[in-house]
Amino acid sequence: MSRILLRGAQVVTMSPHRADAEDIDILIDGDRIAEIGDRLRADDVETVDLSGRIVIPGLVNAHLHTWQTALRFAGTDWTLPDYLAQAHGVAARHYRPEDMRIGTAAGAVSQINSGVTTIGDWCHNCSTPEHADAAVEGLQQAGVRAVFLHGTPHALRDRPHDTREIDRLIDGAIGASDQLSVGMAIKGPQLSKPDVALADLRAATERGVLASMHQSAGAPGTGWEAVRAAGLWGPLTNIVHGTGLTDDTVRELVDAGATITSTPENELGQGHCTAVVDHLLRCGAAPSLGTDTEVVVAGDMLVAARLCLAQHRGTAHAHEYQRTGLGAPQMPLTAKHALSWATLEGARALGLADRIGTIEPGKQADLVILDGRMLNLWPSHDPVAAALNSTTANIESVMVAGAWRKRDHVLLAGPVDELMDELQKSGERILREIRRTGVFARVQRRVVQQVVRRQLRHQAQPHGRPKP
């Protein structure tokens, strides 16, 4: 079992009981952090000099669709209806299991490259067991830590989740893995009938797995009241986006231990809404963050954290301008808050806060080493602010469970060039299906777009709002 001593860096532990940044050493024994402290001494270790570097906990991308990586930026200018119609109504049907493996592996390796060690992989295109297995293989190939959120295509709205698949995955390769766990990407009370939402949440509760669901592009439907009455909100339920939720509903979710994940760049660009972050903060809670789909935006978690912070500050300034004619007299939230949303809060949203999210003895050695000597960060007067304002170019090394996944700016996930070549071929084949110009293809796209727009209009109706 390997023992590594990281010495000389400024360490941002994100622990609420420690200073914001400290000049301390980190001793890693196998997959865990054994000790942190000043001038540690240990025998039989590999000592790594990190002078001029900043060490932070691994970033956590709590909501990402890696299976879509091969379509990266194909829909940057798509509206939300365009994305739903093209990526789900057309492209998803043409994915082969191998496309799932390639996209998932490439997406996860790309996340590691940018400092993410854990992802909530919302895989809502498991049309067959083979598709699901291929996606899991992609995660294993990348070496990332992940909660594999098994989901089904958008069209399957009124059918309860196939719990046989969840049980099969738990009993299979994921169950035997220390880095992978299973969750359920369910339609939830907005996108399925109340009895389906109840059945899915009960199934997740019985198995002790995370249930994650979307709530966006409209007010909560009648299913929300059914879930509330059944008492099924809890620490292993996660809401993505949260559009339409009131302060009272958010407080109810927070009190039950549920989490809410914002994907700010996607939400701002496609019109979901980011107001849920303000709801959470008023409740004394905090968001976790994700990047959503790389069909539309980049998968950069530090950008997501900065955008979320800037959006909240902008709202606070606008409120004060309206009230007093001046901006906010002090910043309501700090860089450390934003960094916590991308680390500790992400770990909590995925049910992993006892294992990751902070740098503490006993936790998994999921670490990111930032090169603070580079011109864009130098001089690093504030290590927390420097970490938040880092780019992928600053991500020198990444460790997952004590194993280097990136070292000295080089990815260690096998032949990356081959993976990139596979990704390009997969994406080109699928995009040809989206861009077909024949009569049948045009009629099919028109029908899909009409169905999507009808569904979104239905979601936007203020029916069945949950009671305070």
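Mentor: Start with a term. A salt bridge here is a side-chain nitrogen of Lys or Arg within 4 Å of a carboxyl oxygen of Asp or Glu. By that rule, two salt bridges are counted between domain 1 and domain 2. Asp20 and Lys336 form a salt bridge, with their closest N and O atoms 2.8 Å apart.

Now the ground rules. This is a predicted model, in which local features need pLDDT of at least 70 and side-chain atom pairs count only at pLDDT 80 or more, while totals for chains, interfaces and linings use all residues. Residues are numbered from 1 along each chain as its sequence is written, and side-chain values use heavy atoms, with hydrogens and water left out.

Domain 1 is made of residues 3–57 plus 357–411, and domain 2 covers 59–350. Those bounds come from an automatic or database domain assignment. The C-alpha centres of the two domains are 27 Å apart.

How much is in touch? On the domain 1 side 28 residues make contact, and on the domain 2 side 26 do; contact means heavy atoms within 4.5 Å. The size of an interface is often given as the accessible area lost when the parts come together. Here the buried area is about 2,200 Å², and carbon and sulfur atoms give 66% of it. Buried area is the accessible area (1.4 Å probe) that two parts lose on being put together, summed over both.

Polar contacts come next. Eight residue pairs are in polar contact across the interface, with both residues at pLDDT 80 or more. A polar contact is a pair of N or O atoms within 3.5 Å; within protein, one must be able to donate a hydrogen and the other to accept it, and residues adjacent in sequence count only if both atoms are side-chain atoms.

Which elements of domain 1 give two or more residues to the side that touches domain 2? They are strands E7 (53–57), E16 (367–371), E17 (395–400) and E18 (403–407), plus helix H14 (383–388). Helices (H or I, at least four residues) and strands (E, at least two) are DSSP runs, numbered from the N terminus. By class, this side of domain 1 has 16 nonpolar, seven polar and five charged residues. Ala, Val, Leu, Ile, Met, Phe, Trp, Tyr, Cys and Pro count as nonpolar; Asp, Glu, Lys and Arg as charged; the others, Gly among them, as polar.

Follow those strands into their sheet. The order is E3-E2-E7-E16-E17-E18-E19, an open sheet of seven strands with mixed pairing. E3 (22–23) and E19 (410–411) are its edges; each has a single partner strand, so one side of each lacks a neighbour in the sheet. Two strands pair if DSSP finds at least two bridges between them. E2 (residues 10–11) runs parallel to E7, joined by two bridges.

E17 and E18 run antiparallel, with three bridges. Val400 faces Ala403 of E18. Two residues separate these strands in the hairpin, and Ala401 takes a positive phi near 50°. E18 and E19 are also antiparallel, over two bridges. Lys406 has Leu411 in E19 as its bridge partner. This hairpin has two residues between its strands, with Asp408 in the turn at a positive phi of about 50°.

Glu396 meets Arg53, the closest N and O atoms being 3.0 Å apart. Glu396 is in E17 and Arg53 in E7, so the pair ties together parts that are 343 residues apart in sequence. Look also at the loop between E16 and H14, where Pro379 lies. The peptide bond from Trp378 to Pro379 is cis, with omega near -5°.

Last, a second sheet. Its eight strands run E8-E9-E10-E11-E12-E13-E14-E15, open and with parallel pairing. E8 (59–64) and E15 (288–289) stand at the edges with a single partner strand each, so one side of each has no neighbour in the sheet. Five bridges join the parallel strands E10 (residues 145–150) and E11 (residues 180–185). Phe148 has Val182 in E11 as its bridge partner.
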